[in-house]
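Me: I have a model open and want to learn how to read its features. Can you take me through them one at a time?

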Amino acid sequence: MRRFIFLIIFFVVFLKVASYGENTKKTIAAGLLSSKPLERQAIFNQVLEQRAKTIEELLSILNKEDVDRSFNGPLHRAIELLGRLRAKESVEVLSKFLTYVPEGYATEEDIPTEAYYVSAVALIEIGEPSIPSMLTIIKETPSKIERNIATWVIMGIEGKEQALNRIKNMIEIDKVHKENFLFAKEYMENYKVTFGNPLFKDKK
């Protein structure tokens, strides 16, 4: 009997949650289609506030020290969502995960090696706001992998030709970090698409 009552309660709650989601969608559409300017502005602000809250919550996942780093885990999905949302507020934090590859990420034949670095992909989706952080990484990191992935991100945002011109310009104006930019230039000039999980490649 108790089990039966529990199932009824669960079903009622489920219907309310589903109904709430549908009503929210209708509210947004109805608000934007309203003939009243104040109502349209109110729903506009509501959507922006929800976006900001969502980004804040996703960033809180990235800041957890013991977060699950597996494929399809919270860290993996939070990073992907920040990219999809084009959250420029997250560039600094995403940059710290530049060489992160989700644990258990199986090799797929049609995925370029660099695309396994999910934070790099997110930074490309965010676009131009990511470039200053990538240039800083190229300048300062002692890690060849990190430098190469940062270079790949810039290529993904601007295209190879424009990105190469940017790096050549940095070679001319930043003599202190010229060597690292020369490495980035060489990476771009010799870049060829390869496939396979970089973690598996490292084990060979």
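Me: What am I looking at, and how are residues numbered?
Reply: This is a predicted model: local features need pLDDT of at least 70, side-chain atom pairs count only at pLDDT 80 or more, and totals for chains, interfaces and linings use all residues. Residues are numbered from 1 along each chain as its sequence is written, and side-chain values use heavy atoms, with hydrogens and water left out.

Me: Which residues make a nonpolar surface patch?
Reply: A patch takes residues with over 30% relative accessible area and no salt bridge; like charges are joined within 9 Å, nonpolar side chains (Val, Leu, Ile, Met, Phe, Trp, Tyr) within 5 Å. Here L32, F44 and L48 make a nonpolar patch of about 290 Å². Accessible areas come from the Shrake-Rupley method with a 1.4 Å probe; for residues, only the protein chains shown count as cover.

Me: How many helices and strands are there?
Reply: The protein has 10 helices and zero strands. Of its 204 residues, 35% count as buried.

Me: Which residues of helix 6 are buried?
Reply: First, the general idea. An α-helix has 3.6 residues a turn, so residues three or four places apart point the same way. Now the case. Helix 6 spans residues 131-140, and its I131, M134, L135, I137 and I138 are buried. Down the helix 6 axis, these buried residues fall within an arc of 160°, so they line one face of the helix. The arc is that of the directions from the helix axis to the C-beta atoms.

Me: What covers the buried residues of helix 6?
Reply: The cover includes helix 4 (91-95), helix 5 (118-126), helix 7 (144-158), helix 8 (160-173) and helix 9 (178-190). Contact means heavy atoms within 4.5 Å.

Me: What does E158 touch?
Reply: E158 is in helix 7. E158 is buried, with a relative accessible area of 15%. Leaving aside neighbours within four places in sequence, E158 contacts I131, A163 and R166. The side chains of E158 and R166 make a polar contact at 2.6 Å. A polar contact is a pair of N or O atoms within 3.5 Å; within protein, one must be able to donate a hydrogen and the other to accept it, and residues adjacent in sequence count only if both atoms are side-chain atoms.

Me: How many salt bridges are there?
Reply: The rule: a side-chain nitrogen of Lys or Arg within 4 Å of a carboxyl oxygen of Asp or Glu. The count comes to six. One of them joins E89 and R51, with the closest N and O atoms 3.7 Å apart. That pair links distant parts of the chain: E89 is in the loop between helix 3 and helix 4, R51 is in helix 2, and they are 38 residues apart. Another salt bridge joins E189 and K185 at 2.9 Å between the closest N and O atoms. E189 and K185 are four residues apart in helix 9, so about one helical turn separates them.

Me: What is the phi of N72?
Reply: Most residues other than glycine have a negative phi. N72 has a positive value, near 70°. N72 lies in the loop between helix 2 and helix 3 (74-84).

How values were computed:
Buried means under 20% relative accessible area, exposed over 50%, partly exposed in between (1.4 Å probe, protein chains only). Helices (H or I, at least four residues) and strands (E, at least two) are DSSP runs, numbered from the N terminus.
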